[in-house]
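Thank you all for coming; I would like to take a few minutes to walk through one model with you, and I will begin by putting it on the screen.

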Amino acid sequence: MFAPFKEYLEEELFKRFDLRSRSIPAGLESNISIRGKNPATIQSWCYQCQQLRKIRYSYIDAGETAQVFNSVIYPAHHYDLPLLGVDFLSFGKKKILVVMDFQPLFRDRAYTDKYIEPMREIRDKYNELAQNLEMKFYDANQYFSKYLLFAKTDSETVVNRLFPAYQEYINLYWQMLANAEPLTRPEDIQRVVKAQKDYDQYSAERDPAHGLFSSYFGSEWSEKFLYEFLFEDASPLAVTSARK
Ligand code: BLA
């Protein structure tokens with residue numbers, strides 16, 4: 001269902017950047033579920049380059065039951081650019097949830113004008129993909145912008161609308177990165193380091209995928225996957241108290 005999205009991202013990345021593989025902890029690169037009736041597989045990829053310190057994406061393929069494409073791109077710490085976040089989910093072909101955003105590290109006016117306002121034109125073109133749905137797991141005011149794509153939709157819209165919207169957002173993101181001024185003051189860089197780490201902590205604690213991962217791959221693997229790969233800068237010690 002989302003394979004063309006993964007392929008597009010890969011082609012773009014390899015075309016535009018001098019990528020190096022970034023290691024994924026042993027055992028977390030892929031997994032196969034032996035639990036349910038249909039086999040479920042998860043596979044992940046991770047790269048880095050001079051401008052982007054962590055580029056990760058994962059694909060869950062459980063046939064008709066579930067297809068998920070999830071990705072986060074973290075710019076190098078000397079850029080205060082938002083993170084590029086993608087979460088496309090399809091369950092039993094009927095329930096399709098798509099989320100894509102430039103996930104802001106800061107919320108002040110100057111930041112928003114610089115990095116979020118440029119999304120507006122694209123977002124306005126794809127109104128049907130921006131449904132103002134209520135968030136149950138996350139807080140829409142933390143690490144989400146007001147121009148995120150967030151929709152419950154169907155497979156036709158995924159092909160005809162989401163795919164072009166996805167390409168446009170990604171292209172805007174590359175443009176922003178190309179025009180970004182590297183930070184030089186250590187305190188500015190440290191502020192980005194902290195904001196990206198806080199994003200990982202927040203995301204690891206809220207991630208709605210924990211249940212999904214656990215049901216396929218067990219809770220031990222899930223916890224490792226969340227804290228050692230997806231959001232590796234989060235500290236798992238905080239979790240036991242945060243999660244229930
Ligand atoms: C929702 N994301 C979800 C849900 C799941 C995942 C299972 C709940 C769907 C439901 O309502 O039943 C799945 N999340 C994953 C998977 C991974 C993951 C498989 O991290 C990792 C492989 N989520 C992100 C990113 C964004 C994001 C980068 O990981 C930003 C674009 C957004 N996911 C997001 C949002 C929701 C969601 C906003 C709705 C949650 C809510 O209602 O609060």
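This is a predicted model: local features need pLDDT of at least 70, side-chain atom pairs count only at pLDDT 80 or more; totals for chains, interfaces and linings use all residues.

Let me begin with the place where the ligand sits, which is the largest pocket. The ligand is surrounded by 26 residues, and the closest of them are Asn70, Asp87, Lys136, Phe137 and Asp207. If we sort this shell by class, we find 17 nonpolar residues, together with four polar and five charged ones. As for the secondary structure, at least two residues of the shell come from each of the strands β5, β6 and β7, which span 66–75, 83–91 and 95–103 respectively.

Which atoms of the protein, then, lie at polar distances from the oxygen atoms of the ligand? In the case of Lys95, a polar side-chain atom is 2.8 Å from a ligand oxygen.

I would now like to look at Asn70, which belongs to strand β5 and is, as I said, among the residues closest to the ligand. Its side chain makes a polar contact with the side chain of Arg56, at 2.9 Å, and the side chain of Asn70 also makes one with the side chain of Asp87, at 3.1 Å. Asp87 is itself another of the residues closest to the ligand.

Finally, let us turn to the loops. His77 is in the loop that joins β5 and β6, while Gln51 is in the loop between β3, residues 40–48, and β4, residues 52–61. Are these two residues buried, partly exposed or exposed? His77 counts as partly exposed because its relative accessibility is 25%, and Gln51, at 22%, counts as partly exposed too. Although 26 residues separate Gln51 from His77 along the chain, their C-alpha atoms are 8.8 Å apart. For His77 and Glu117, which are 40 residues apart in sequence, the C-alpha to C-alpha distance is 22 Å.

Notes
Residues are numbered from 1 along each chain as its sequence is written. Side-chain values use heavy atoms; hydrogens and water are left out. A residue is near a molecule or strand if one of its heavy atoms lies within 4 Å of it. A polar contact is a pair of N or O atoms within 3.5 Å; within protein, one must be able to donate a hydrogen and the other to accept it, and residues adjacent in sequence count only if both atoms are side-chain atoms. On a 1 Å grid over the protein atoms alone, a cavity is a set of points where a 1.4 Å probe fits but cannot get out, and a pocket is an open set with protein on both sides within 12 Å along at least five of seven lines; lining residues have an atom within 4 Å of a point. A molecule sits in a cavity or pocket if more than half of its atoms lie within 2 Å of its grid points. Helices (H or I, at least four residues) and strands (E, at least two) are DSSP runs, numbered from the N terminus. Ala, Val, Leu, Ile, Met, Phe, Trp, Tyr, Cys and Pro count as nonpolar, Asp, Glu, Lys and Arg as charged, and the others, Gly among them, as polar. Buried means under 20% relative accessible area, exposed over 50%, partly exposed in between (1.4 Å probe, protein chains only).
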